[in-house]
Amino acid sequence: MPAKIISVPFHIDDGNYLVVLEEKKEIPFVLSRVFFVKAGKGIVRGKHAHKKCSQLMTCVSGSVEIFCDDGVKKKTFFLDNPSIGLIIKPGVWAQQLYLQDDTVLSVFCDRPFEKEDYIHDYDEFKLFIE
């Protein structure tokens with residue numbers, strides 16, 4: 001499965017925490033784009049694959065289930081702690097189910113936004129990975 005959980009450096013002091021992500025360390029690629037998604041309980045987002053873009057996702061607050069399908073294996077990952085990251089390589093169909101209100105997902109990418117990199121149709125995705 002070209003999606004995997006990683007540990008992210010997490011420092012706690014007096015109930016406060018600091019999460020550190022460094023390019024080519026925890027972020028295993030050259031960083032090109034960062035975005036944040038805030039959504040409420042029950043919202044489903046994503047529902048696409050990338051042809052070229054790799055991503056690292058962390059849940060800054062709240063909790064989210066991320067379903068990944070590489071055409072051979074299907075797996076659901078659970079992010080509810082900023083010390084856990086999920087790396088998703090190109091060619092993986094992914095969708096996120098937000099499990100709590102005000103959940104915030106951070107996404108780090110190795111490519112800028114490129115509309116042509118997105119596959120939004122699942123049948124087209126299946127053809128792409130063949």
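Biologist: Leaving aside neighbours within four places in sequence, which residues is I5 in contact with?
Modeller: This is a predicted model, with residues numbered from 1 along each chain as its sequence is written. Local features need pLDDT of at least 70 and side-chain atom pairs 80 or more, while totals for chains, interfaces and linings use all residues; side-chain values use heavy atoms, without hydrogens and water. I5 is found in strand 1 (residues 3-7); strands are DSSP runs of E, at least two residues long, numbered from the N terminus. With contact meaning heavy atoms within 4.5 Å, the partners are F77, L79, I84, G85 and L86.

Biologist: What separates the C-alpha atoms of I5 and F77?
Modeller: Along the chain, I5 and F77 are 72 residues apart.

Biologist: Does I5 count as buried, partly exposed or exposed?
Modeller: The cut-offs are under 20% relative accessible area for buried and over 50% for exposed, with partly exposed in between (1.4 Å probe, protein chains only). I5 has a relative accessibility of 40%, so it counts as partly exposed.

Biologist: Which are the edge strands of the open sheet of five strands?
Modeller: The strand order is 8-7-10-5-12, with antiparallel pairing; two strands pair if DSSP finds at least two bridges between them. Each edge strand pairs on one side only, and these are strand 8 (74-79) and strand 12 (118-119).

Biologist: Within that sheet, which residue of strand 10 is the bridge partner of H48?
Modeller: Strand 5 (residues 44-50) and strand 10 (residues 93-98) run antiparallel and are joined by four bridges. In strand 10, H48 has as its bridge partner A94.

Biologist: Which members of the largest nonpolar core touch the most other members?
Modeller: This core holds 19 residues, a nonpolar core being buried Ala, Val, Leu, Ile, Met, Phe, Trp, Tyr and Cys joined through side-chain atoms within 4.5 Å. Among the elements that give it two or more residues are strand 4 (33-39), strand 6 (55-61), strand 9 (84-88) and strand 11 (103-109). The members that touch the most others are I66, C68, L79, L86, I88 and L105.

Biologist: Last one: leaving aside neighbours within four places in sequence, which residues is D80 in contact with?
Modeller: D80 lies in the loop between strand 8 and strand 9. Its relative accessible area is 41%, so D80 is partly exposed. The C-alpha atoms of D80 and Q55, 25 residues apart along the chain, are separated by 17 Å. The residues in contact with D80 are C59, G62 and S63.
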